[in-house]
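Hi,

Here is the structure I said I would pass on.

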Amino acid sequence: MVRSPSKVLGAVRAAQKGHDLSIIRLSEPLIQAPQEASGERTSDASASMLDNPTPASLEADLTHYKELFAKLRFSYLEQVTKEKFIRSIVGDPPMVVEHQENVELESALAISKAELKAQKIEVAELVAELEQKGRELCQKYENVKMQTAKLEELPEKIEGLQVSIAELKESQQPGSNPTLNMPLEKTLALVEERRKERDELDRQLEQLQLLLPRKTRELERLNSELQPLEVKKSGSTAAAREAKRRKEEALGGAGDDLEERGRWWRGVESGLKGMLDVES
């Protein structure tokens, strides 16, 4: 069953309200536990930082705490070393450490250092993996937010499209264009047929384009051959006109009189033949 966009959008919003996708929120139980045990109150700045964290602020805090813990570790080791040294001197009886004990302690310390180094490497790998997972989750979360924003715009767009479809159906006159009332299968078949006709026309056009240079050369050749004929025709026409003019000047108008007399004699001849029933 197809769910409507409004129901899908409601389900997405409900899921987002029920699950706050924030790493800071996930770390709140770890932060609040020591505070509840010590009874200390967090400052407004810390609360604001937890509510509105930014990548830059988180990076700065991480660097600050790394430096702070490094200094604290150095101070702790220095203080503990001084305290043990003073107790060994002023103790009663004073603590005397032999060389063999130092060798054994150095061996145990070397083993502990190796284990600590291995654990540090494992922790560094876990941190790198968590950072990679965090980036992937952040990218996925941004994609979800983007798709949610698009989903929120879909109902309005769908309503607009439905209104446009209804208007088009109302404006369409029955029988004005039968192709608009065809079912989907026949429409797809008609589209395929038109596509084949278009491909055939494209093929014919390509063939004609290949023949165009040869036809152009033939046309140019015919034009070059036609130009002397045109010149010769113009010369012949001018010469005929000149000859006719000279003939009319030589006859002095007698030519027109002879033509009229010939027509008169033909009329007389045809009249006599009609009266005498003489066949030509």
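Starting with the rings: the aromatic pair count comes to one, where rings of Phe, Tyr and Trp (its six-membered ring) pair if their centres lie within 6.5 Å. That pair is W264 and W265, edge-to-face because the centres are 4.7 Å apart and the planes sit at 75° (planes under 30 degrees apart count as stacked, over 60 as edge-to-face and the rest as tilted). W264 and W265 are both exposed, meaning over 50% relative accessible area, with buried under 20% and partly exposed in between (1.4 Å probe, protein chains only).

Before you go further: this is a predicted model, with local features needing pLDDT of at least 70, side-chain atom pairs counting only at pLDDT 80 or more, and totals for chains, interfaces and linings using all residues. Residues are numbered from 1 along each chain as its sequence is written, and side-chain values use heavy atoms, leaving out hydrogens and water.

As for the fold, the protein chain has seven helices and zero strands; these are DSSP runs numbered from the N terminus (helices H or I, at least four residues; strands E, at least two). Of its 280 residues, 2% count as buried.

Now for α5, which covers residues 99-171. Its 73 residues reach 105 Å from first C-alpha to last, close to the 108 Å expected at 1.5 Å a residue (1.5 Å times one less than the number of residues). There is a kink of about 30° at L154, shortly before the proline P155; the bend is the angle between axes fitted to the seven residues ending there and the seven starting there.

Cheers
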